[in-house]
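Subject: The structure we talked about

Hello,

Here is the structure I promised to pass on to you. Please open it alongside this message and follow along as you read.

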Amino acid sequence: MSTRDAVVAGLPELSGAGRCLVMGVVNITPDSFSDGGEWFEPEAGVQHGLDLLAEGADVLDVGGESTRPGAQRVTEAEELRRVVPVIGRLAAAGAVVSVDTTRAAVAERAVAAGARLVNDVSGGLADPDMAGVVAETGVPYVAMHWRGHSDVMDARQDYDDVVADVRDELAARVAALHDAGVAHEQIVLDPGLGFAKSGALNWPLLAHLDALHALGRPLLVGASRKRFLGHLLAGVRGAAADEPVPPAGRDDATTAITALAAHAGAWCVRVHAARASVDAVQVAAAWRRAETTEDTA
Ligand code: PMM
């Protein structure tokens, strides 16, 4: 089953694309694991967003707080200072902008500045006011599977069955969001690769996106440059066998995941380098169309 084509509220220009969407990452942080510091100044963040658009990204995800394992939190004021001007300028340039935040107040200010989606890695667990803000603004909301902030998540990896447990914990978030007045069509779900999941725990989630599709909402997949890819590639092409390949060497593996996730019916992939994933989602869409057409002449 696929929910790729399910309706997501408030994004008319992106519905009916007939393919997986590509979300490009704009981290305005000095310390993200994958691109920390590169786009920390607002000018550089805006330019990076424009470059991702030129590469074909459908959505730009602007974040001001690193979720790198072990990262310490930034204050709300600092997060606002980082993201609001960049969101305003990218939205004014015509981009569909998402804000990557766990704070309700940041989500609210970001939407006022032009953000059209809220991407919350905590699925509403970090801030009790988040669901209310999402209900009130009516914007699409990405609820990711999460078990705690970056300083504690690596210690929360106990699963009986990672796929069933993540599915059930996401189902509980969906129920809580409904209770707070969030409409079904606003919700997008995300397995939260790398969050309270190291190494091997990520692969069953990717291989069983169908189990998460059973929750009836579109799925966003964020595998880009994550640690489990670094571990996968250890030893390849002469890299040290016992050291993960650094983030910069993980983009080709990320593209492979984009193709496979798109073929499995993902609604969107979140990536740092957009160009190759933009091509990969076209490949996956053509492949799927050929699978579903009767005409093989
Ligand atoms: N991963 C990161 C940050 N935000 N949002 C969603 N919805 N899904 C993810 O997997 C996700 C996310 C961490 O990566 P980064 O620090 O490179 O942005």
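Predicted model: local features only at pLDDT ≥ 70, side-chain atom pairs only at ≥ 80, totals over all residues.

Strand 1 and its partners

Strand 1 covers residues 21–27, and 7 of its 7 residues are buried. You can check this on both faces: Leu21, Met23, Val25 and Asn27 are buried on one side, while Val22, Gly24 and Val26 are buried on the other.

Strand 1 has strand 8 (residues 268–271) as one partner; the two run parallel and are joined by 4 bridges. Leu21 stands opposite Cys268 of strand 8, and Val22 has Val269 as its bridge partner in that strand.

Strand 1 also pairs with strand 2, in the parallel sense and over 5 bridges. Here Val26 faces Val62 of strand 2, and Asn27 is set opposite Gly63.

How many residues of strand 2 are buried? For this strand, residues 59–63, the count is 5 of 5, so the rest of the structure largely encloses strand 2. Val59, Asp61 and Gly63 are on one side and Leu60 and Val62 on the other, and both faces are covered.

Strand 2 pairs with strand 3 (residues 97–100) as well, in the parallel sense over 4 bridges. Val62 turns up again in this pairing, where it stands opposite Val99 of strand 3. To get from strand 2 to strand 3, the chain passes through helix 2 (residues 76–92), and this β-α-β crossover is right-handed.

Two helix pairs

Two packed helices are described by the angle between their axes and the distance between the axes. Both pairs below are given in that way.

Helix 3 (residues 104–112) packs against helix 4 at an angle of about 20°, and their axes are 8 Å apart. This angle is under 35 degrees, so helix 3 counts as roughly parallel to helix 4. The crossing of helix 3 past helix 4 is right-handed. On the helix 3 side, the contact is made by Ala104, Ala107, Glu108 and Val111; on the helix 4 side, by Met130, Val133 and Thr137.

The other pair is helix 9 (residues 251–263) with helix 10 (residues 274–292), packed at an angle of about 30° with axes 8 Å apart. That angle makes helix 9 roughly parallel to helix 10. Helix 9, too, passes its partner helix 10 in a right-handed crossing. From helix 9, Thr255, Thr258, Ala259, Ala262 and His263 take part. They meet residues of helix 10 including Ala276, Ala280, Ala284, Trp287 and Glu291.

Two residues to look at

Val134 is in helix 4, which spans residues 130–137. Is Val134 buried or exposed? Its relative accessible area is 0%, so Val134 is buried. Leaving aside neighbours within four places in sequence, Val134 is in contact with Val139, Tyr141, Val182 and Gln186.

Ser122 sits in the loop between strand 4 (117–120) and helix 4. With a relative accessible area of 0%, Ser122 is buried. What does Ser122 touch, not counting residues up to four places away in sequence? The answer is Thr102, Met144 and Trp146.

Best wishes

Technical notes
Residues numbered from 1 in each chain as written. Heavy atoms only, no water. Buried < 20%, exposed > 50% of the residue type's maximum accessible area, 1.4 Å probe, protein only. Pairing = 2+ DSSP bridges. Right-handed = clockwise from strand over helix to strand, strands pointing away. Axes fitted to C-alpha atoms, helices over the stretch in contact; angles between N-to-C directions. Parallel < 35°, antiparallel > 145°, perpendicular 65-115°, else oblique. Left-handed = near helix turned anticlockwise from the far one by under 90°. Contact = heavy atoms within 4.5 Å.
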